[in-house]
Amino acid sequence: GTSGGWNGSVANITPAKNKNVYGIIVDVTPAQLELLDGFEGVPYVYERKSVVVDLNTDDTKLQCQVYIRKDTRCESPPSKQYLCAIGEMLIDRRKALGHSLTTEMKIDAFDSSGRQLCGPYVHSMRPGSLEELVVLANTRKSSKWKLPTIFRALIDKFNIVGVNDMYSMRRFLGQGLQTVNEQFRSEGCSAITIDIFNAMKNVLWGT
């Protein structure tokens, strides 16, 4: 299906022979599950189903809940921002399994009929766009943003002060937090916190 928040197609679970769906199991309370239902738009956008999950590490199987998007049409390719978020999830999974990590990971996107939606997306530790930068910075923040709405709002704010690509972002952040926030305020935008500033610097320069 297509998500306006993620600005493109999003991943879904569909029946397929000899195929695996990788993910992360999270232990939640009934109250938290009810909140997730609201966030995912159950029963209008997604439906929640019970499935048996193989842990892969041994023969253990668990009964888990998954969200399946009801509209499976893919009208546009997934955004770089979304694919970057998927890449980060896959890296977390590989770390949990003790697998070695490489600097790049290729992700293919297909619709339910097998049609390729876009060429292989190369997920790198170094972002090539503002959308990827914001996703990667979120993994380094002490308190996480709500996905994906805040991402678009933050990018729009940088665009207002003339930051439209990675080159201009490096120059902008290189001025220091005080100067950055002075420019935001001069354009009527709210300031960013030192947590956001440091997270973005960490992604850009590995500091």
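Reply: A residue counts as buried under 20% relative accessible area, as exposed over 50%, and as partly exposed in between, with a 1.4 Å probe and protein chains only. Of the 207 residues in the protein, 34% are buried. This is a predicted model, in which local features need pLDDT of at least 70, side-chain atom pairs count only at pLDDT 80 or more, and totals for chains, interfaces and linings use all residues. Residues are numbered from 1 along each chain as its sequence is written, and side-chain values use heavy atoms, with hydrogens and water left out.

Me: How many helices and strands are there in the protein?

Reply: Helices (H or I, at least four residues) and strands (E, at least two) are DSSP runs, numbered from the N terminus. The protein has seven helices and six strands, and their pattern along the sequence is β-β-α-β-β-α-β-β-α-α-α-α-α.

Me: At what angle do the axes of α3 and α4 cross?

Reply: Two packed helices are described by the angle between their axes and the distance between the axes. Axes are lines fitted to C-alpha atoms, for helices over the stretch in contact, and angles run from 0 to 180 degrees between N-to-C directions. Here the axes of α3 (residues 130–140) and α4 (residues 149–160) cross at roughly 125 degrees and come within 10 Å.

Me: Which residues meet between α3 and α4?

Reply: Contact means heavy atoms within 4.5 Å. From α3, L130, E131, V134, V135 and N138 meet F151, R152, L154, I155 and N159 of α4.
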